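My entries follow the order in which I looked things up.

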Amino acid sequence: KQKRSDDAYVIATRLTEQLQGSDDISPRTLATFDLLRVMSLLSRRRPTINYGKVRKSFRDAILDSQVLAGQAIKRFDPQTDIASFDPILGIAAAWQGVIRSLAESYDVDLNPEHKFEGHPLEIVPAKIVGQRDDDACEVTWQQRDMEYPAAAIRRGLNGGVLIGFDLDQTGRVTNAKILGEVPFPRFGPSVLESVKAWQADISPDMDEVCRKNMLTTIMFTHD
């Protein structure tokens, strides 16, 4: 397994280097290579990781993976809505959640001064066109519980889920949809079941734009 992961990392790295900047290769394809590299680095929690001929610590792999996940997300334009949300972007956002949860589990500081291949470490949110982040759209949650799946706890799994949803005029969640999940399908069903009970405090005259196409990344951190 370790050799397959190392080989996958090397292949994806070489493809990215060769195809970057080509007009024939879509940003979506390059994002897929970014995520293959992330998966290869984090597929096994071992003290050292092979980067081709270079070996680094797993802590370094967590930091470098966050750079790669951020790069993958930045390759996409803001999405139109939840219904047409790109699944590769959803997976990239979910991987970012996994990486942040691993950083908590392994006490790794996601230092923004860290760089990998010349790129800075950034926490990059997936976006939808027209989303507003201002006082008029502020939401206060009365209830926002999340259940950690028992099977995932037994296996010691960290996870990340990007979920999209709307709010009705009473602040209840509607039209919830899993947009990305890592690992699949360990956490998605539990997230969907939990969000059914979420209740937000919203102003009765809140603009409908504020209540539609909301995005939230759920992180599952295991000690």
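Is Glu 117 buried, exposed or partly exposed? I found that Glu 117 counts as partly exposed, because its relative accessibility is 46%. I noted the cut-offs: buried means under 20% relative accessible area, exposed means over 50%, and partly exposed lies in between, with a 1.4 Å probe and protein chains only.

**Entry 1: the model**

I wrote down that this is a predicted model, in which local features need pLDDT of at least 70 and side-chain atom pairs count only at pLDDT 80 or more, while totals for chains, interfaces and linings use all residues. Residues are numbered from 1 along each chain as its sequence is written, and side-chain values use heavy atoms, with hydrogens and water left out.

**Entry 2: the whole chain**

I listed seven helices and nine strands in the protein chain. These are DSSP runs numbered from the N terminus: helices are H or I with at least four residues, strands are E with at least two. The C-alpha atoms fill a box of roughly 60 × 45 × 30 Å along the principal axes.

Of the contacts with a separation of 6 or more, 75% are between residues 24 or more positions apart. Contact here means heavy atoms within 4.5 Å.

**Entry 3: the cores**

Which residues have the most contacts inside the largest nonpolar core? They are Leu 41, Leu 42, Ile 62, Phe 85 and Trp 95, in a core of 39 residues. At least two residues of this core come from each of α2 (27–42), α3 (58–74), α4 (87–105) and β7 (173–182). The most come from α4, which gives 10 residues. A nonpolar core is a set of buried Ala, Val, Leu, Ile, Met, Phe, Trp, Tyr and Cys residues joined through side-chain atoms within 4.5 Å.

I followed Trp 95 and, not counting residues up to four places away in sequence, found that it touches Leu 35, Val 38, Met 39, Leu 42 and Val 182. Another core of 21 residues lies apart from the largest one, and its members include Cys 137, Phe 187, Ile 202 and Met 214.

I checked the length of α2: its 16 residues reach 23 Å from first C-alpha to last, close to the 22 Å expected at 1.5 Å a residue. The expected span is 1.5 Å times one less than the number of residues. Among the buried residues of α2 are Phe 33, Asp 34, Leu 35 and Arg 37.

Leaving aside neighbours within four places in sequence, Ala 92 is in contact with Leu 35, Ala 69, Ala 72 and Ile 73. Gln 96 is also in helix α4 and counts as buried because its relative accessibility is 5%. With the neighbours within four places left aside, the contacts of Gln 96 include Gln 66, Gly 70, Glu 122 and Pro 125.

**Entry 4: helix α6**

Which residues of α6 (188–195) are buried? I found Gly 188, Ser 190, Val 191, Ser 194 and Val 195. They lie on the same side of α6 because they cover an arc of only 160 degrees around the axis. The arc is that of the directions from the helix axis to the C-beta atoms. Exposed Pro 189 and Glu 193 are on the face turned away from the buried side. The buried residues of α6 pack against β6 (159–167), β7 and β9 (214–220).

**Entry 5: the backbone**

I found a cis peptide bond between Val 182 and Pro 183, with omega about -10 degrees. The bond from Phe 184 to Pro 185 is cis too, with omega near -5 degrees. Pro 183 lies in the loop between β7 and α6, and Pro 185 lies in the loop between β7 and α6 as well.

Back at Glu 117, I noted a positive phi of about 55 degrees, although this residue is not a glycine. Glu 117 sits in the loop between β3 (115–116) and β4.
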